[in-house]
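We will go from stop to stop, selecting a few residues at a time.

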Amino acid sequence: MAGYVYDFIEGNKDLKDLLGGKGANLAEMTRMGLPVPPGFTITTDACREYLRTGTVPDGLFADVEDHLRLMQTRMGRTFGDPDDPLLLSVRSGAKFSMPGMMETILDIGLNDTSVAGLARQSADERFAWDSYRRLIQMFGRTVFDIPGEDFESELAQARVSAGVPTDAELGQGQLYDLVEAYKKVFHAHTGRDFPQAPHEQLFLAITAVFRSWNAERAVLYRRQERIPQDLGTAVNVMAMVFGNRGTDSGTGVAFTRDPATGRRGVYGDYLRNAQGEDVVAGIRNTVGLAELATIDPASYRRLLSIMERLEGRYRDLCDIEFTIENGKLWMLQTRVGKRTPAAAFVIAAQLVDEGTITLDEALRRVTGEQLAQLMFPSFDQDAAPAPLTIGVPASPGAAVGAIVFDSAAATAATGPVILVRRETNPDDLPGMIAAQGILTARGGKTSHAAVVARGMGKTCVCGAEELELGDDTLTVGGRTLRAGDVISIDGTNGRVYPGSVPVRPSEVVRYFEGELTAYGDPLLAAVERLMIHADHNARLGVHANADNGADAARARRFGATGVGLCRTEHMFLGDRRTLVERLILASGDAEREEALAALLPLQRADFEQLFAAMDGLPVTVRLIDPPLHEFLPPLEELTARVARAEALGEDPGHDGVLLAAVRRMHEQNPMLGLRGVRLGLVIPGLFAMQVRAIAEAAAARVAAGGDPRPEIMVPLVGAVQELQAVRAEAQAVLAEVAGAPPIRIGTMIEVPRAALTAGQIAGAAEFFSFGTNDLTQMTWGFSRDDVEGAFFGRYLGLGVFAVSPFETIDADGAGELVRIAVERGRAARPELTVGVCGEHGGDPASVRFFHTAGLDYVSCSPFRIPIARLEAGRAAI
Ligand code: PEP
Ligand code: MG
């Protein structure tokens, strides 16, 4: 059954689907002639087969044996040899990196006999027993699900008995005793002895890695990162090399550029006399990689030259795991490294400058989500108190919240929290997701907390060593804080502050606002350059959802080329509510006309401001949409007020009148009731007033030398007849207003029937704008105001959808209606303009969809404009 196992020399970096990321990259490094220990990769096909059938595919283990023989020849050692054993590592490696989520088992092949052989061969008995105890621990945890704490407590006990602070100081006798204790733990949990047969160890380990794909935390991580659940993992089996073989050995992690800022230089951590998991787990504190230059200059030089070659091959920032065994450097892993959003922009621009990639490629390498993160606020340093302590800035951002000390408390909290841990492990994932930020006392930039937080775009400070964590307390500098106390953590500089520090806008936002220039700032310069390239390539325009001059002006500074949605009902709030009330309560034509006449000048003034802010660019004004009773006090409130008055024997007065109106207008399903175009058809003069205000405002702007470009948009249309009626009324009003520019009339497409009859509707519409909020609501039958809290969690868990359809357009359902409407609308009226103004207009994945669906523009809130511009550009290259 060849085909399930690939020797490292057989693969390459492009085989990630089959070999997983780690396997493909080990193969690539092997091909490049880099010092990779010999090994092979079991494919993701094998894992999927196992997960499907519950048994290992036929012939897989025989194939593994064949490859093992080859390895033995290369290493000149035999697996299971009692005198000089070849030892193996077994590691998971999926297509997408899932740091710390799945399993690794080291030192496979050791048993009661070969531990002595290893001791003799290495002339280091301590090392042999340390390796053996690591094997039992990892194997027990991974293969038999023995709780890690059970081993940890034995280890802690051993340190106490020996009177030493670290594991590295345990002597060989103590490690021997520890192995015995571990074996007891193993037996107590499994009812069997620790397996002595090396091949049994290997096969059990491989199967455990397959199974780990479906571990709860791995499933959760994939859901969070939107990684498909059906990919399966590859398994990498590699000859062991040892970083814990004395002071001329060690292990480390290196980055070819700084993953936090993108700056060129030497970045990473090194830990002497240790195995890889000690670094990643952040359990022991590391030294900066630059110190390796003094510790082992030859290995350091070799590492630097390999790093340069890897960057050249991958044309990107690489991160690397390496081990030095008795002065010999081994490469254990590389991959295109994760980075902060700032580093992503800076590195993409650097690589263009260095001639490594094109601007198109650079644009592909940054995302709207990353830009969104750069637009988060940070702390106002001037207002910040003295920090409690400074840790390692692991993932940028500013987070304020109440302290919680464990994952359960974080998930149970109702307000913002900061998860504070000594170090994190994959079991903390739910808490990390729930928290605003993460603070750890141990571990460097490559610790679990740091890597996972960066991946989630969550603020993280780690390795704040001065923190002393007790049960439910945190002590630092003589000050003790408890669960519930508020702290602020700055993931950009590592500072931890007491209390809530005020936050200030991001530099990127200030740049878009025109308050900062990009000159001399690597991040802003990179953002500017990529935004220019995005705009140059984009086919989609980006308009703004803005209801007033100030928002429109900001949107314009952020690069909007029009207003795609002005929700006129927002102009009826505040003091103006009473005017709307008069309209609703009007008992006859005269009263109603009076009320409308009072609203007219106010609307006109609003529109004038809006047209001025967007002078020369289209402004799509939507006629009033929500049910009118939304402008009256709620039924319960009025009922209570009237009842109170009556109980006191008083006349409820105006409240009584209002209550009668609210009762009269009450609807069971107001979102499906008297709203949108229906209001215009039922309440005489309402739409006409709005149309007149638009036309008069435009005329006034023209008279003032401006270039207003209003458009009138009718909401909630489901049938062309509705639109025809409104259109006729609007055109009659427009004809009466002298001096206004030509004003186009179009419609929202937000009712499924409108999408299906778009061909007819286009006969009465000069443009369409998809209201994907309502379209999603009505396509799924989900109330947009209620469902997210009610049952979406369950739906996400069941995989009904991977992300809320109110956030990212559901391409198969609501999205299909969009495609149908575009096609039918354009078939009927080829010059039809088509845009979208639902929330999806600012969502990166949805922008891509709208590009493909052939829309002319997306419209979104002002702060999403740069994100939509970037994604519109990315979609087009
Ligand atoms: C929509 O439904 O997508 C839309 C833009 O309109 P509103 O959100 O105002 O209903
Ligand atoms: Mg709507």
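Two residues count as in contact if their C-beta atoms, placed from the backbone, lie within 7 Å. Helices (H or I, at least four residues) and strands (E, at least two) are DSSP runs, numbered from the N terminus.

This is a predicted model, in which local features need pLDDT of at least 70, side-chain atom pairs count only at pLDDT 80 or more, and totals for chains, interfaces and linings use all residues. Residues are numbered from 1 along each chain as its sequence is written, while chains are lettered from A and ligands numbered from 1 in the order in which they are written.

**Stop 1: two crossing helices**

Select residues 341–353, helix α13, together with residues 522–537, helix α20. Their axes (lines fitted to C-alpha atoms, for helices over the stretch in contact, with angles from 0 to 180 degrees between N-to-C directions) come within 8 Å and cross at roughly 70°. Angles of 65 to 115 degrees count as roughly perpendicular, under 35 as roughly parallel, over 145 as roughly antiparallel and the rest as oblique; α13 and α20 are therefore roughly perpendicular to each other.

Which residues meet here? Show Ala342, Phe345, Val346, Ala348 and Ala349 in α13, and you will find them against Pro522, Leu523, Ala525, Ala526, Val527, Arg529 and Leu530 in α20.

**Stop 2: the sheet of 5 strands**

Next comes an open sheet with the order β1-β2-β7-β5-β6 and antiparallel pairing. Here two strands pair if DSSP finds at least two bridges between them. At the edges stand β1 (5–7) and β6 (104–108), each with a single partner strand, so one side of each has no neighbour in the sheet. From one strand to the next, the twist averages 20°.

Start at β1, which 3 bridges join to β2 in the antiparallel sense. Select Asp7 and you will see it opposite Phe40 in β2. Phe40 also stands opposite Val237 in β7, where β2 (residues 39–42) and β7 pair over 4 bridges. On to β5 (residues 88–94), which pairs with β7 over 7 bridges, again antiparallel; Leu88 faces Ala239 across that pairing as its opposite residue.

Now colour β7 (residues 233–239) by burial: 7 of its 7 residues are buried. A residue is buried if 20 or more other C-beta atoms lie within 10 Å of its own, exposed if 12 or fewer, and partly exposed in between, with C-beta atoms placed from the backbone. Thr233, Val235, Val237 and Ala239 are on one side, and Ala234, Asn236 and Met238 on the other.

**Stop 3: a short walk along α4**

Select residues 114–122, helix α4, and pick out the buried Ser114, Val115 and Leu118. Seen down the axis, the buried residues fall within an arc of 110° (taken from the directions from the helix axis to the C-beta atoms), so they line one face of α4. They pack against β4 (85–86) and α5 (125–144). Just after the helix, look at Ala123, which has a positive phi of about 50°.

**Stop 4: the sheet of 8 strands**

Finish at an open sheet with mixed pairing, in the order β14-β24-β23-β16-β17-β18-β19-β15. Its edge strands are β14 (389–390) and β15 (392–395), each pairing on one side only. Zoom in on β23 (residues 486–490) and β24 (residues 495–498), which run antiparallel and are joined by 3 bridges. Select Ile489 to find its bridge partner, Val496 in β24.
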